[in-house]
Amino acid sequence: MEKSRPLWDNPLQFVFACISYAVGLGNVWRFPYLCQMYGGGGFLIPYFIMLIVEGMPLLYLELAVGQRMRRGSIGAWKTISPYLCGVGVASVVVSFFLSMYYNVINAWAFWYLFHSFQDPLPWASCPPNSNRTSYEAECARTSPTQYFWYRRTLNIAPSLEASGGLQWEQALCLTLAWLMVYLCILRGTESTGKVVYVTASLPYCVLIIYLVRGLTLHGAVNGLIYMFTPKLEQLANPKAWISAATQIFFSLGLGFGSLIAFASYNKPSNNCERHAVVVSLINSATSIFASIVTFSIYGFKATFNYESCINKVILLLTNAFDLEEGSLTADTLGAVRARLAAAHPHQYAELLPQLKNCSLEAELDTAVQGTGLAFIVYSEAIKNMEVPQLYSVLYFTMLLMLGIGSMLGNTAAILTPLTDSKFIATHLPKEVISGLVCFINCIIGLTFTMEAGNYWFDIFNDYAATLSLLLIVLVETIAVCYIYGIRRFEKDLQTMIGHKPSWYWKIMWAFASPLLIISLFIFYITDYILTGTLQYQAWDATQGQLVMKDYPGYALAVIGLLVATSTMCIPLGALVTFISRRLKRENISTVA
């Protein structure tokens with residue numbers, strides 16, 4: 001008899017949970033970067049093709065498996081075949097790795113949110129030095145926003161080897177972030193189901209406010225023109241297609257087990273096909289919407305920096321050559337520079353190192369993603385807005401909601417298989433299991449609040465999931481189509497939603513999606529091999545910029561361990577099942 005299982009209150013609550021999980025920080029800080037890198041509006045062509053070929057079919061498959069098997073990732077794949085138990089274990093391991101470091105982003109969001117109530121904002125200008133005669137030397141070499149991020153927030157070490165001590169402010173913020181996650185998941189779907197309404201809807205409210213404000217900013221049009229001007233030559237670049245496929249794959253959260261966990265709390269008659277399409281389209285629409293907001297901010301920031309650069313050059317030339325004030329403008333700058341260089345070659349040559357080549361296009365071409373976009377570029381733009389405290393509070397509240405929403409999915413992927421276990425569930429109440437998972441993750445996560453913690457964060461972010469998830473989803477599609485059987489799966493879907501899946505879904509599941517995943521897998525393996533020695537970006541305080549350094553041997557060992565730990569779960573799970581079944585048969589034959 002099937003164990004009684006809590007359910008979502010209604011299908012809308014399930015959709016909100018999926019949106020809260022899928023629509024995350026990647027929509028805000030990675031998709032705009034990819035548009036910037038791979039052809040602006042032209043990037044939408046490979047992006048939507050990959051959504052149709054890969055995103056919607058694989059999301060539908062995971063939702064259908066969870067809803068049909070009514071188990072977390074381990075139980076669901078074990079039901080399909082005992083030899084597939086390792087697939088579920090691999091998903092739990094990857095989700096555990098993700099939870100270990102992902103909540104640090106929420107800790108940073110709390111840190112910035114707390115500082116957003118100051119007037120002026122602490123990243124608006126450089127702090128004075130100890131003598132109060134000038135600015136802090138490191139800040140003077142870079143910018144106030146970078147200084148606040150790298151020195152005040154991270155207090156970053158010069159390299160991975162110089163691990164440094166624990167940053168107690170960040171440790172407290174991380175503890176607060178985990179406490180918030182624990183309160184949200186305390187009673188399972190009963191508490192999570194109410195929280196997702198907030199975490200899914202509030203970011204859209206903030207994005208709308210930012211859109212209205214962004215479109216009214218000086219220079220916003222420059223950013224939007226840059227975004228929507230397609231560079232069709234990028235369609236011939238294989239990396240544009242690979243990046244589009246990868247963005248779809250990770251933004252929907254495929255392979256982590258979270259979607260299977262969420263779907264397992266659905267009623268058996270829930271229309272998972274419709275919900276897969278709805279969630280996919282909302283996720284992609286959010287990426288485009290967030291990009292419009294981001295590029296309006298980009299345009300404002302780039303125009304502000306460009307005009308500041310122009311004004312500095314005008315001031316230098318006016319003072320150096322004793323020009324009449326107001327005689328030199330942005331429009332006449334090029335012609336005047338050429339005339340001055342011809343008339344006063346020696347004096348102009350001495351001044352030349354101080355004269356920057358100001359370019360709006362170069363400012364717009366500066367590609368930033370991840371934490372650099374979230375905590376530096378946006379902070380830079382916010383400080384130049386009117387009432388910056390208001391927009392700072394709104395922005396970092398939005399980041400916090402996006403991060404918490406994703407964490408609800410990550411923890412569900414871990415907790416659902418644990419609470420499905422009869423042994424664990426009979427010995428520990430759900431609240432204790434949730435508390436232990438949060439406590440263990442929080443203790444391990446303190447590593448990322450050390451002075452070298454950001455370097456470890458990048459290691460986990462770059463290597464903990466990519467190859468593992470590709471292998472997990474590849475095995476999932478093969479398992480459903482060729483082990484469980486596509487026709488058997490068809491009948492299950494007909495029982496659940498009232499009709500069989502169309503030829504489109506079956507072709508994608510059986511052929512197109514697996515081939516695409518194999519291609520991605522080969523690309524990443526080849527890319528790792530061709531890269532040679534793996535490197536990371538370290539902050540050099542003496543230069544006020546990031547420099548490339550080789551990973552030390554122990555860091556490479558950790559990278560290898562991260563990849564191997566999750567990927568090896570799949571063959572090891574099959575091997576353990578085979579050996580245990582073999583031993584069981586031998587024991588039965590011996591008794592007989």
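**Helix packing and a nonpolar surface patch**

The buried residues of helix H11 pack against helix H3 (31-37), helix H10 (189-215), helix H14 (272-320) and helix H17 (360-365), where contact means heavy atoms within 4.5 Å. The model is predicted, so local features need pLDDT of at least 70 and side-chain atom pairs count only at pLDDT 80 or more, whereas totals for chains, interfaces and linings use all residues. Residues are numbered from 1 along each chain as its sequence is written, and side-chain values use heavy atoms, with hydrogens and water left out.

Helices are DSSP runs (H or I, at least four residues) numbered from the N terminus. In H11 (residues 220-228), Ala220, Gly223, Leu224, Tyr226 and Met227 are buried, that is, under 20% relative accessible area with a 1.4 Å probe and protein chains only. These residues lie on the same side of H11 because they cover an arc of only 160° around the axis, the arc being that of the directions from the helix axis to the C-beta atoms.

Ser20, in helix H1 (residues 11-22), counts as buried because its relative accessibility is 2%. Residues up to four places away in sequence aside, Ser20 touches Val196, Thr199, Ala200, Gly405 and Ser406.

A nonpolar patch on the surface is formed by Ile478, Tyr482, Ile483, Trp503, Ile507, Phe511, Leu515, Ile518 and Ile522. Such a patch joins nonpolar side chains (Val, Leu, Ile, Met, Phe, Trp, Tyr) within 5 Å, from residues with over 30% relative accessible area and no salt bridge (a side-chain nitrogen of Lys or Arg within 4 Å of a carboxyl oxygen of Asp or Glu). Together the patch residues have about 950 Å² of accessible area, by the Shrake-Rupley method with a 1.4 Å probe.

How values were computed
Patches are made of residues with over 30% relative accessible area and no salt bridge: like charges are joined within 9 Å, nonpolar side chains (Val, Leu, Ile, Met, Phe, Trp, Tyr) within 5 Å. Buried means under 20% relative accessible area, exposed over 50%, partly exposed in between (1.4 Å probe, protein chains only). Helices (H or I, at least four residues) and strands (E, at least two) are DSSP runs, numbered from the N terminus.
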